[in-house]
Amino acid sequence: MLKSLPLPGVPDVVIHDPGLRQLFVAIGEPGLVCSFDSERLEQLQTVETEVGAHTTGWDPIDGCLYVFCPASGGAAVYEEHA
């Protein structure tokens, strides 16, 4: 094992963008997406979504993370800024 990083819940979806060298981890309970630098193995950011929001999609061209939010019946869009 290279390194173990703590998560604030059980991971539901994991997406890796090799171009950005980032790993996105969606956690439905409590409703978060954590991003990590996959080269340095460091946590970068945690974004609150909503409880139960764990199905995600990543658009590497536009740098957008789509999080489907079942409680509100919509989707949240987050943009990655360098």
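Predicted model: local features only at pLDDT ≥ 70, side-chain atom pairs only at ≥ 80, totals over all residues.
**Entry 1: the cavity**

I then looked up the volume of the largest cavity, and the value came out at about 30 Å³.

Next I asked myself: which residues line the largest cavity? I noted V13, V14, I15, F24, V25, A26, V33, T56 and L65. The elements that give two or more residues to this lining are strand 1 (13–17) and strand 2 (22–27).

I also sorted the lining by class. How many nonpolar, polar and charged residues does the lining of the largest cavity have? I got eight nonpolar residues, one polar residue and no charged ones.

I turned to the strands and looked up an open sheet of three, which runs in the order 5-6-7 with antiparallel pairing. Why do strand 5 and strand 7 each have one side left without a neighbour in the sheet? Strand 5 (55–59) and strand 7 (74–79) are at the edges and have a single partner strand each, so one side of each has no neighbour there. I checked the angles too: on average, neighbouring strands of this sheet are turned by 20 degrees against each other, direction ignored.

I picked out strand 5 and strand 6 (residues 64–69) for another look. They pair in the antiparallel sense over five bridges. Where does T55 stand? I find T55 opposite F68 in strand 6.

**Entry 2: back to the cavity**

Conventions
Residues numbered from 1 in each chain as written. Heavy atoms only, no water. 1 Å grid on protein atoms, 1.4 Å probe; cavity = no way out; pocket = protein on both sides within 12 Å on 5 of 7 lines; lining within 4 Å. Points joined across faces, edges and corners; volume = space filled by probe spheres on them. Helix = DSSP H or I, 4+ residues; strand = E, 2+ residues; numbered from the N terminus. Nonpolar A, V, L, I, M, F, W, Y, C, P; charged D, E, K, R; others polar. Pairing = 2+ DSSP bridges. Axes fitted to C-alpha atoms, helices over the stretch in contact; angles between N-to-C directions.
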